Amino acid sequence: MGIIGWIILGLLAGGIAKVLLPGRDPGGLIVTTLIGVAGAFTGGWLSAKFLNRPIQNEFFDLATWGSAIAGSLVLLVAYRLLFGNSRN
C-alpha cells in the first residue's frame, strides 16, 4: 500500500475515531482528519516496530485498520488533552 493509500486510510480512520470519540474538538473537522492521517502513520509504524506485525500491502487488512484507528484515537485524545480548553 502506497502513501496515497495510507492517506486515504488515515482520513477514514480519523472519521472513525471522531465517531468513537464524539465531542467538540479544538481544531474542527480539518484538524481531526489530519490527526487521523498522522495517527494512521503512527499506528502503522508502532505496529510494525514494536508488535512485530509487518504492514500489509492490502488496503482491507483488519490489523492495518485497527492500528490506524488506534493511532488516530491516541493522537486525538492527546490533542484534546493539550488543546482542549482553548475553545469555548
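Trainee: Against which elements do the buried residues of α2 pack?

Mentor: They pack against α1 and α3, where contact means heavy atoms within 4.5 Å. Buried means under 20% relative accessible area, exposed over 50%, and partly exposed in between, with a 1.4 Å probe and protein chains only. The model is predicted, so local features need pLDDT of at least 70 and side-chain atom pairs count only at pLDDT 80 or more, while totals for chains, interfaces and linings use all residues. Residues are numbered from 1 along each chain as its sequence is written, and side-chain values use heavy atoms, with hydrogens and water left out.

Trainee: Which residues of α2 are buried?

Mentor: An α-helix has 3.6 residues a turn, so residues three or four places apart point the same way. In α2 the buried residues are T32, I35, G36, V37, G39, A40, G43, G44 and S47. Helices here are DSSP runs of H or I with at least four residues, strands are runs of E with at least two, and both are numbered from the N terminus.

Trainee: How is the packing of α2 on α3 described?

Mentor: Two packed helices are described by the angle between their axes and the distance between the axes. The axes of α2 and α3 come within 6 Å and cross at roughly 125 degrees. That makes α2 oblique to α3; angles under 35 degrees count as roughly parallel, over 145 as roughly antiparallel, 65 to 115 as roughly perpendicular and the rest as oblique. Axes are lines fitted to C-alpha atoms, for helices over the stretch in contact, with angles from 0 to 180 degrees between N-to-C directions. Residues of α2 including G36, A40 and G43 meet residues of α3, among them A68, S72 and L75.

Trainee: Is G36 buried or exposed?

Mentor: G36 counts as buried because its relative accessibility is 0%. This residue lies in α2, which covers residues 28-50. Leaving aside residues up to four places away in sequence, G36 touches G10, G14 and S72. G36 and A13 are 23 residues apart in sequence, yet their C-alpha atoms are 5.6 Å apart.

Trainee: What does A40 touch?

Mentor: With residues up to four places away in sequence again set aside, A40 touches W6, G10, A68 and S72. A40 also belongs to the largest nonpolar core, together with W6, L9, A13, W65, A68 and I69. Such a core is a set of buried Ala, Val, Leu, Ile, Met, Phe, Trp, Tyr and Cys residues joined through side-chain atoms within 4.5 Å.
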